[in-house]
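Have the viewer open as you read.

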Amino acid sequence: MSRHSSILITGASGEIGHSLIDRLAAASSKPIVTLDLNPLVPDLARKVKQQFTGDIREAELLERIVATHEVDQVYHLAALLSTRSEFSPALAHKVNVEGTLNLLEFAQRQGESHGRPVLFFFPSSIAAYGIPTLAAKIAAGKISEDAFNFPTTMYGANKLYCEHLGRYYAQHYKQLAAETLSGKIDFRCIRFPGLISAVTVPSGGTSDYAPEMIHAAAQNQPYACFVRPDARIPFLAMPDAVEAIWKLVNCPKGQLSRSVYNVGAFAPSAGEVEAVVRKAFPSAVITYDLDAKRQTIVDSWPADVDDTAASRDWGHAPQYGFEAAFGDYLIPQIRKRYSR
Ligand code: NAD
Ligand code: AKB
């Protein structure tokens, strides 16, 4: 039986997965295979060659994938997000770290077996940063990749460690073995800010207040924001997130100066998000009901990120700034979505 050279997307039923499947199905000739606890919605299922439903921690499932597919690209999206991880830190470690280790081992075996480096895309997060005080956050402004790498959440610690695991597999794997076994994985990683999509609503994250506010207003539902109006972190519109993944994975390796890149676009406060949402939906009922503990997490994340390296190395240039993200993408598409 011949095995097909394929792309594997884990966590494919989630927010990024939705948009990434569309993009890869349209732009790549390779068949797509997915793995998620939840099945894909029918529209997306039609775009993939085969979907596997189950847990990334199950070795037997990964064996079933290689029985029929020769994988040369892995987009490892499956994870528990920050708020959810803080309620179940041991489970988060199992899914976010042990799950990633499984996928790296899987990719390593694939690279060793077919002889080509397996591209491994890993979505890290601004949660990998931990700024000790609000005053330090305000003073720091745009943060570059190597500053404040002291996450305060289990999720952030998981992400930061997995960035290192990926670099280890790519550059130093089994460095004491007689033969060279590193280089079988081409590990590339983006630290995403909060993502805002017009087609999906997030769950389990701490940056969720901004997308939740917009989706609630468009459905005429009241929304109580869990952070202060002055809470500020960077955000990126989902089409720009997918474009960034596409640009990074298609960049010639020699142009990359690092394995982990910041990407940013706009960094409004919650109050500034509220103002644009109110302008678009004047009858929106938005209040503030502070969750001091989730606020503390947001306060430990950067007010904005320095993405000079991503712009220079692989041309990160988001199409949507604050005004355009709302005016040209979110508001029109979300209105359409809920008026059906
Ligand atoms: P999401 O929660 O919408 O999707 C995650 C998917 O992973 C879900 O479909 C879930 O069913 C699946 N999953 C969870 N545990 C699993 C397991 N054990 N086995 C198999 N599947 C499992 O998240 P998203 O927003 O699409 O994020 C995708 C990735 O990007 C995650 O790694 C996340 O940490 C990262 N990221 C997201 C954001 C954001 O704002 N959305 C920002 C930074 C980084
Ligand atoms: C979360 O809030 O957990 C995510 C993220 C910024 O990584 N949206």
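Let's begin with one pair of residues: Val74 has Phe120 as its bridge partner in β5. This pair belongs to a parallel pairing of strand β4 (residues 69–76) with β5, made over three bridges. Here strands are DSSP runs of E with at least two residues, helices are runs of H or I with at least four, and both are numbered from the N terminus. Two strands count as paired if DSSP finds at least two bridges between them. β5 also pairs with strand β7 (residues 185–192), again in the parallel sense, over eight bridges. In that pairing, Phe122 has Cys189 of β7 as its bridge partner.

How many of the eight residues of strand β5 are buried? Eight of the eight, across residues 118–125, so the strand is largely enclosed by the rest of the structure. Buried means under 20% relative accessible area, exposed means over 50%, and partly exposed is in between, with a 1.4 Å probe and protein chains only. In a regular strand, side chains alternate between the two faces of the sheet. For β5 both faces are covered: Val118, Phe120, Phe122 and Ser124 are buried on one side, and Leu119, Phe121, Pro123 and Ser125 are buried on the other.

## How to read the numbers

This is a predicted model, in which local features need pLDDT of at least 70 and side-chain atom pairs count only at pLDDT 80 or more, while totals for chains, interfaces and linings use all residues. Residues are numbered from 1 along each chain as its sequence is written, chains are lettered from A and ligands numbered from 1 in the order in which they are written, and side-chain values use heavy atoms, with hydrogens and water left out.

## The chain as a whole

The protein chain contains 13 helices and 13 strands. Its radius of gyration is 20 Å, close to the 20 Å that the globule rule gives for 340 residues, so the chain is as compact as a globular protein of that length. The radius is taken over C-alpha atoms, and the rule is 2.2 Å times the number of residues to the power 0.38. Along the principal axes, the C-alpha trace spans about 65 × 45 × 40 Å.

Of the 340 residues, 54% count as buried. Among contacts (heavy atoms within 4.5 Å) between residues at least 6 apart in sequence, 77% join residues at least 24 apart.

## Two buried residues

Thr153 sits in the loop between β6 (142–143) and α7 (154–171). Its relative accessibility is 4%, so Thr153 counts as buried. Leaving out residues up to four places away in sequence, Thr153 touches Glu86, Ala127 and Ile297.

Ala210 is part of helix α8 (residues 209–218), and it is buried, with a relative accessible area of 0%. With the sequence neighbours up to four places away set aside, Ala210 touches Ile196, Phe235 and Val273. Ala210 and Val277 are 67 residues apart in sequence, and their C-alpha atoms are 9.6 Å apart in space.

## Two positive phi angles

Which residue in the loop between α7 and β7 deserves a look? Lys174 is found there, and it has a positive phi of about 45 degrees although it is not a glycine. Lys174 is partly exposed, at 44% relative accessible area.

Asn220 lies in the loop between α8 and β9 (223–225). Asn220 is not a glycine, yet its phi is positive at about 65 degrees. With a relative accessible area of 61%, Asn220 is exposed.
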